[in-house]
Amino acid sequence: MSAKRNSQKTYQEMMGLNTQQGFTSSSNVDKLRTMEHNYMRNMTEWSLTRFKWVGMPDTVDTRFLERQLFLQGFALFYFDKRFVRYMAVQASEIGQPNVYGNPVSFQTVSMPGYSSIRLNSKNCVPIWSSYTRTVELNVVRLYAARLAEIDMSLNLVSKAMRVNTVVSAARSQQLSLQNLMRQREEGVDVIYSDETLALDTVQALDLSVNPQTLAGLRDERNQLWNEAMTVLGIGNANQDKKERLVASEVGANNDQVLISRNAALKARRDAADQINRMFELDISVEWDQEEGTL
């Protein structure tokens, strides 16, 4: 029962999503949470569609495989004699690793209609998400939180630019002041007021925000987004620089993207090579993007 419950909750819990939390409230906390979840969703979707498995047996769900690699860092490939099919499933390491730190024994996780089974390095192959064998979900969660904070700051600054003055006056003059503000909003040529408005008793506090603050936050958000894409191995370019990027800058960015991409791609290719040797298959992994582009 617990295994079934865990399999159903894995995505929501590991993504940090609260299924009981609605988004109807207008509080800043709920807005920040919604922004963060939106970034997490987008980056998760992109992460899960980066690689294309070629020659994988049709009994293996590659969407589930990539989801498993993203959420938990590895999946286990083996041939299940009970179902007479190749499978790539959720599993955990058991026992002591070998001299190279590689696990040699595994226990698959029970799912509805599927009972767990113990396997070893002679009849299964672990597929790791990267050479560090870490969970990419943590990277996405970190960047999503930072990006959401910047977006919240952008909202607050935008509001401050729209409502940038505090007026202090006697309560008896509030209606006259409201009429003045209404005329200003309507764009009349001349604003009129009666003699009851004593302008010498009105005080105004300027809360105006430097427009460069808004531009700076946008630049920071875009640079942070590009950084996240680089970490995920997804091509990006700084579109906010006024001057054209020189060849060395473009090359440096491309190198970082390719290195990040290879960290994940090589781990999958190593697994594909081991699977091919063990089961005499012809599986390969490619970056799922058109040729000639990053």
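**View 1. Glu280 is exposed, with a relative accessible area of 73%.** Exposed means over 50% relative accessible area, buried means under 20%, and partly exposed lies in between (1.4 Å probe, protein chains only). Glu280 sits in the loop between helix 7 (247-279) and strand 10 (284-287). Helices (H or I, at least four residues) and strands (E, at least two) are DSSP runs, numbered from the N terminus. Phi of Glu280 is near 55°, a positive value in a residue other than glycine. This is a predicted model, in which local features need pLDDT of at least 70, side-chain atom pairs count only at pLDDT 80 or more, and totals for chains, interfaces and linings use all residues. Residues are numbered from 1 along each chain as its sequence is written, and side-chain values use heavy atoms, with hydrogens and water left out.

**View 2. Val84 lies in the loop between strand 2 and strand 3.** Its phi is near 55°, a positive value in a residue other than glycine. Val84 is exposed, with a relative accessible area of 62%.

View 3. Two strands pair if DSSP finds at least two bridges between them. Strand 2 (residues 74-80) and strand 3 run antiparallel and are joined by 5 bridges. Asp80 has Arg85 of strand 3 as its bridge partner.

View 4. Axes are lines fitted to C-alpha atoms, for helices over the stretch in contact, and angles run from 0 to 180 degrees between N-to-C directions.

**View 5. Ser47 is found in helix 2 (residues 28-48).** Ser47 is buried, with a relative accessible area of 1%. Not counting residues up to four places away in sequence, Ser47 touches Phe70, Val140 and Leu232; contact means heavy atoms within 4.5 Å.

**View 6. A further open sheet has 3 strands in the order 4-5-6, with antiparallel pairing.** Strand 4 (91-94) and strand 6 (118-120) are the edge strands, each pairing on one side only. Neighbouring strands of this sheet are turned by 30° against each other on average, direction ignored. Strand 4 and strand 5 (residues 105-108) run antiparallel, with 4 bridges joining them. The bridge partner of Ala91 in strand 5 is Thr108.
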